[in-house]
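Work through the exercises below with the sequence and the structure at hand. Each task is followed by a solution in steps.

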Amino acid sequence: MTSIGERLPRKEDPRLLRGLGRFCDDQDRAGQVWMRVVRSPIAHGRLVEVRKPGSAPGGSVVTARDLPPGLRIPVRLTVQGIDLTEYLQPVLAADEVRYVGEPVAVVLADDPYEAEDIAERVEVDIDELPVTVDTASGTKAAEFELGYGPVESAFAQAAHVVTVEFDVGRHSAVPLEPRALLADVDPATGALRIFGMTKVPVFNRDVLAGMLGVDENLIHVHAMDTGGGFGVRGEFYPEDFLVPWLARKLRRPVKWVEDRAEHLVAANHSRQQRHVASAAFDENGTLLGLKDDVLHDNGAYARTHGIIVPELTLAMLPGPYRVPAFHGRIQVMLTNKTPCGTYRAPGRFEGTSVREQLFDVAADRMGIDRVELRRRNLLTADELPHTRAMSTLGTDVVLDSGDYAGLLDKAMVEADRLGYRSQLESLRERGHSAGLGVAVFLEKSGLGPQETADVVVGTSGEVRVHSGGTSLGQGIETVLAQVTADALAVDPAVVTVVNGDTVLQPFGGGSWASRSTVVGGSAVHKAALAVRERAIQLASRMLEVSEDDLEVAAGTIRVKGAPGMSVSYAEVATACRPGSPHLRNDEPAGLSARRRFEVEHMTYPYGVHLALVDVDTGTGHVKVLRYLVAYDVGRAINPTLVEGQLLGGVAQGVGGALLEEFRYDDAGQPQAVTFMDYQLPTAAELPHIDILVAQDAPAPGNPLGVKGAGEGGVTAAGASIAGAIRDALGLTGPVGRLPMTAERVRGLIEEGT
Amino acid sequence: MKDIHLIALAVNGNEHEIVVESRRTLADVLRHDLGYTGTHVGCEHGICGACTVLLDGEPVRSCLVFGVQADGCEVRTVEGLADGEELSDLQKAFSRCHGLQCGFCTPGFLMLSEAYLSEQDTVPDEAEVREVLAANLCRCTGYQGIVEAVRQVAEERMG
């Protein structure tokens with residue numbers, strides 16, 4: 001019985017389709033009080049006073065003066081040894097506000113409408129200070145370099161040096177479910193149950209325990225169904241302290257639900273960078289060296305991700321290419337905008353957009369076909385594993401396995417088979433400004449250091465998995481059930497996966513960085529194999545045969561070659577209960593195992609994106625007509641879910657390439673505060689997307705051979721669409737920036753460069 | 001003093017009488033007063049469509065309708081689509097076509113699609129389905145599975 005590789009329907013679907021999913025705002029508690037956040041309307045200023053409206057009840061408005069002093073939200077991952085303490089965000093602004101949307105107070109009321117009424121009437125006096133919107137004029141919070149090899153001599157001996165300047169706009173995940181949190185307190189003990197803290201519940205529990213000064217075991221975080229994550233949702237934000245702190249203080253349940261206008265200024269933004277990148281080639285178009293100088297706009301504070309986006313930008317910039325010498329420098333600048341964090345493919349969307357544009361410009365300058373130039377410079381399968389003398393996220397960069405050029409060839413063959421190039425030619429013959437963009441990219445996934453999983457078999461034979469992963473829509477319940485079913489040789493229907501419950505699984509790492517199938521799945525695999533071994537051991541006692549004579553098949557442990565001689569997992573689980581004659585005195589009760597999987601290095605999936613676009617040269621509107629993603633995932637546990645991840649990524653990538661941008665005016669006022677201003681792509685903006693999932697290069701570093709699928713749909717979308725627009729307009733230089741809104745495309749047409 | 005009203009509405013065939021403030025949205029009445037939490041609230045300004053329900057058969061954004069406006073009306077929510085444990089043809093198609101991931105926008109898409117399909121007598125082409133579905137937002141699926149699910153059900157019902 002195999003489950004891995006099957007296109008099983010999702011376990012999540014029946015409840016979600018019937019409206020029976022449990023999202024945070026779906027629950028209310030008797031006696032709960034609603035919290036509403038009062039946010040700064042000014043981008044930068046000295047906070048003079050927060051005045052409670054006269055008619056509001058006592059204690060209904062809480063400011064920084066009511067909180068324990070000095071609380072700041074720590075970073076989750078420290079990288080490059082850089083201390084960001086002085087840039088961390090306070091829970092509530094005390095003396096100074098630094099962006100529009102910064103929490104300055106919270107209001108409490110028995111009813112959410114009333115809480116909003118009171119919040120509207122809170123008066124916030126702020127003495128305005130000068131506002132910094134331009135990245136280059138910001139405060140430098142960090143600066144570092146990454147690289148290896150003799151870059152200057154590579155450039156000195158180059159036959160061709162190509163430089164591009166490229167800006168990536170500020171956009172972000174904008175999941176459909178706004179953030180929400182409910183904290184329920186045991187009035188007797190002060191113990192907290194927290195609902196809605198889904199993504200990294202164990203980390204958030206620990207941060208909260210530290211800030212509250214209580215043991216982490218006093219806090220029980222329940223992950224819920226969640227309306228999309230993509231990096232931003234589920235990080236520790238000011239509200240994640242305020243809601244539980246107030247619940248303990250008031251000895252009442254406290255609930256907070258963000259509205260969309262808040263979300264667009266309060267949750268992490270991402271991506272905004274300015275690059276100046278150069279490549280040195282010899283006379284044959286062989287890459288000799290690569291350089292990039294980056295300004296990263298991190299907004300007003302350093303949040304939980306610290307500077308991992310800048311670090312990943314540089315560490316992943318060389319991508320799947322043979323880059324003999326590399327030098328990257330990045331300056332992390334603080335401005336008076338919403339602070340930043342990660343968003344799906346952090347650093348890679350930005351770096352891939354820049355590098356692939358650099359390749360396009362270089363190919364045209366040297367008179368080499370754009371695909372051929374890439375093929376010539378991709379690392380070959382024989383050159384892998386390939387170590388780059390850099391580290392990121394605290395682990396060395398070792399590209400593990402792959403056939404990059406092989407996948408590029410497959411993608412081009414598939415595109416030809418599907419008629420991409422013939423459609424391009426036919427459009428051009430009919431006078432359209434159409435273009436084809438091709439981008440190759442390297443992803444990373446499976447970040448450790450570890451994941452822990454429990455597999456528990458009940459006396460009915462039901463198998464329960466307690467994983468540290470969290471369900472953000474990616475289908476992890478189904479994937480982990482398949483992994484478990486495969487190892488135990490049972491039907492996936494009997495497996496139930498419980499994710500992100502900090503009591504059931506207190507060591508879980510959460511779902512982010514495309515890690516949950518790779519690291520979490522491997523932990524589940526190990527735990528399930530341990531249960532299988534234990535079941536064989538018990539079955540050998542029950543059937544009075546040697547363990548070597550037993551095999552596991554179709555949910556039973558049976559004697560090889562002896563039909564009828566078998567016990568079920570249910571019977572074995574019963575035999576593991578206290579009082580059973582088969583359970584020895586020194587053995588723990590129950591048929592279960594907890595196992596931990598630790599990784600040494602990340603694993604590196606890779607892929608190719610092709611975009612066919614049609615540019616309306618009158619309006620500047622870019623229509624994406626065809627889109628293809630080829631992606632090597634190592635091994636697909638459930639190919640349908642891999643394809644789904646890639647499809648969704650493309651849609652977000654198209655948004656970032658053409659539509660989505662958080663703009664600010666000179667006073668630091670955000671210009672995108674509704675879905676009228678911040679435009680997500682709809683079904684009408686997207687074409688049918690073609691997906692080619694390859695499994696040519698299983699990951700050597702985990703027992704399943706899997707690589708992450710979460711981010712490969714978005715990584716090269718900016719790159720391929722920028723390349724396609726450049727091709728459509730016949731530009732000699734780079735497109736120069738994303739998103740390529742209609743206004744900016746018209747600008748390019750007018751410049752004619 | 002609060003401006004309150006006694007209203008009566010039927011949700012998925014169940015009769016309810018309830019006292020609501022005049023400013024209370026239908027979404028909040030359904031979710032928090034009556035417990036039909038399958039209808040979701042994603043933007044509260046009428047763009048995302050996650051809160052779409054059928055009001056006397058017409059798809060409406062329940063975040064933009066006040067509870068009092070539903071007085072005397074029939075409301076149909078996502079909880080009313082399945083027949084007990086048995087999913088409707090459209091729900092099955094969404095699952096078969098991987099038309100949902102996080103599932104937050106799904107109730108809105110199901111109700112929008114149900115209303116659209118009930119008005120069709122021919123199988124629509126893909127471009128038309130995309131135009132109709134552009135009324136709602138999804139951030140996970142790239143819409144592909146949703147478009148496919150609606151087309152398949154159109155073919156099954158019209159074929």
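**Exercise 1.** Is A:His609 buried or exposed?

*Solution.* The model is a predicted one. Start with the place of the residue: A:His609 is in strand β26 of chain A, which covers residues 606-615. Next, take its relative accessible area, which is 0%. The cut-off for buried is under 20%, so A:His609 is buried.

**Exercise 2.** Find what the side chain of A:His609 reaches.

*Solution.* Step one: the side chain of A:His609 makes a polar contact with the side chain of A:Tyr627, at 2.7 Å. Step two: the side chain of A:His609 also reaches the backbone nitrogen of A:Ala717, at 3.5 Å. Step three: look up the partner A:Tyr627 among the core residues. A:Tyr627 is one of the residues that touch the most other members of the largest nonpolar core, which has 175 residues. A second, separate core holds 50 residues, including A:Val465 and A:Leu704.

**Exercise 3.** Classify A:Ile219 as buried or exposed, and list its contacts.

*Solution.* A:Ile219 is found in strand β11 of chain A, residues 219-222. Its relative accessible area is 2%. The value falls under 20%, so A:Ile219 counts as buried. Leaving aside neighbours within four places in sequence, its contacts include A:Leu192, A:Ile194, A:Leu208, A:Val214 and A:Thr502. In general, nonpolar side chains tend to be buried together in soluble globular proteins.

**Exercise 4.** Describe the interface between chain B and chain A.

*Solution.* 

1. Take the area: the two chains bury about 4,200 Å² between them, with 56% of it on carbon and sulfur atoms. Within chain B, the residues that lose the most area to chain A are B:Gln101, B:Arg139 and B:Gln144, together 19% of what that side buries.
2. Count the polar links: there are 5 salt bridges between the chains, and 25 residue pairs are in polar contact across the interface. A:Arg18 and B:Glu85 meet in a salt bridge through their side chains, at 3.5 Å from N to O.

Methods
Residues are numbered from 1 along each chain as its sequence is written. Chains are lettered from A and ligands numbered from 1 in the order in which they are written. This is a predicted model: local features need pLDDT of at least 70, side-chain atom pairs count only at pLDDT 80 or more; totals for chains, interfaces and linings use all residues. Side-chain values use heavy atoms; hydrogens and water are left out. A nonpolar core is a set of buried Ala, Val, Leu, Ile, Met, Phe, Trp, Tyr and Cys residues joined through side-chain atoms within 4.5 Å. Buried means under 20% relative accessible area, exposed over 50%, partly exposed in between (1.4 Å probe, protein chains only). Buried area is the accessible area (1.4 Å probe) that two parts lose on being put together, summed over both. A salt bridge is a side-chain nitrogen of Lys or Arg within 4 Å of a carboxyl oxygen of Asp or Glu. A polar contact is a pair of N or O atoms within 3.5 Å; within protein, one must be able to donate a hydrogen and the other to accept it, and residues adjacent in sequence count only if both atoms are side-chain atoms. Helices (H or I, at least four residues) and strands (E, at least two) are DSSP runs, numbered from the N terminus. Contact means heavy atoms within 4.5 Å.
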